[in-house]
Amino acid sequence: MKKFWPWLRLLLAVGILVALGVRLGTGAFLDGLRAIDAFSVAAALAIGLVTTVLSAGRWVLVAHRLGLPLTMKTAVGDYYRAQLVNAVLPAGVLGDVHRAVNHGRESGDVGRGVRAVFFERMAGQVVLIGIGLAVLLTHPAPGLDLTLSGTTVAAILAGLALAAVIGWNIRPVRKALVNTLADGIRLLSFKTWPAVIGLSAATVAGYVAMFLVAARAAGSDATVTQLAPVVVLALLIMAIPVNIGGFGPREAFLAVAFGAAGLGAAQGFTTGIVYGVLALIAALPGAVVLFVSRRKAEKVQVVAERVDQSREQELALAR
């Protein structure tokens with residue numbers, strides 16, 4: 001199952017997009033591509049820069065609190081690269097995995113490097129959920145019943161408790177849980193978590209702004225009040241690991257949500273397509289980071305080969 005799960009996720013995402021295309025027609029997809037203009041591209045790059053710097057700053061704060069060295073320049077570059085990899089590969093998290101492991105290796109503690117990225121991303125998700133609940137309580141999404149019954153909540157909590165008990169009885173998992181809990185406690189400092197929450201909230205605001213740009217580019221004239229609950233839910237839906245570079249469940253949800261709100265299912269699908277393309281454009285500076293890192297790696301390799309060759313020549317002369 002572990003071997004086939006990535007392909008299964010890919011097939012599910014493709015199935016969702018194909019179903020939407022059959023249901024709504026390919027015109028909504030083509031409209032999304034045609035809607036992208038110079039203004040939306042410039043806005044995407046500007047918003048992408050701001051959200052990347054904010055997210056990188058959050059990562060730096062978490063890493064420093066856990067005792068890991070990380071400069072802002074390195075964090076911004078690695079974050080851009082991670083976003084591009086996340087956007088172009090099906091899994092959607094491989095970029096974060098790479099920057100976590102790479103930073104851990106450079107810092108001499110892979111485990112703590114991975115935990116730093118885990119806590120940094122988790123902080124963003126927790127703040128997003130909090131903002132989402134606040135928005136939905138004040139501005140419920142029209143036509144969408146998203147309330148959870150007591151039985152459903154109890155089942156979710158029971159499942160989490162069962163997973164924790166099973167994991168605790170597996171020694172490697174128990175060790176990882178203990179280390180994660182210890183690092184989590186270290187982050188509960190007034191010097192760290194208020195700033196992390198503030199940066200996360202500002203990042204969410206950037207994502208919402210990107211959605212609004214996408215909606216306007218797609219031709220939607222809905223008010224911010226109408227779009228706000230739909231947007232925050234779409235951001236949460238994007239965390240589902242069944243997508244192709246983010247495409248899939250997001251478009252399905254937006255089609256249903258826009259249709260339920262009387263804004264048109266095709267309009268929601270088009271908005272999702274525009275947002276996905278703009279998000280990819282916002283991550284394109286990561287290609288520069290990838291190119292520069294590759295050039296540096298090639299230079300290091302060439303220098304290493306020359307050093308070895310000189311040593312071999314010296315040994316040959318000595319003989």
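Predicted model: local features only at pLDDT ≥ 70, side-chain atom pairs only at ≥ 80, totals over all residues.
Local features are reported at pLDDT of at least 70 and side-chain atom pairs only at pLDDT 80 or more, whereas totals for chains, interfaces and linings use all residues. Residues are numbered from 1 along each chain as its sequence is written, and side-chain values use heavy atoms, with hydrogens and water left out.

The protein contains 13 helices and 0 strands, helices being DSSP runs (H or I) of at least four residues and strands runs (E) of at least two, numbered from the N terminus. Of its 319 residues, 36% are buried, that is, under 20% relative accessible area with a 1.4 Å probe, protein chains only. Among contacts (heavy atoms within 4.5 Å) with a separation of 6 or more, 72% come from residues 24 or more positions apart.

Helix 3 (residues 38–65) packs against helix 12 (residues 265–283) at an angle of about 55°, with the axes 8 Å apart; axes are lines fitted to C-alpha atoms over the stretch in contact, and angles run from 0 to 180 degrees between N-to-C directions. The two helices are therefore oblique to each other, a class left after angles under 35 degrees (roughly parallel), over 145 (roughly antiparallel) and 65 to 115 (roughly perpendicular) are set aside. Ser40, Val41, Ala44, Leu45 and Gly48 of helix 3 meet Leu278, Ile281 and Ala282 of helix 12 in this contact.

Arg81, in helix 4 (residues 72–88), is buried, with a relative accessible area of 10%. Leaving aside residues up to four places away in sequence, Arg81 touches His98, Asn102, Gly286, Val289, Leu290 and Ser293.

Terms used:
Buried < 20%, exposed > 50% of the residue type's maximum accessible area, 1.4 Å probe, protein only.
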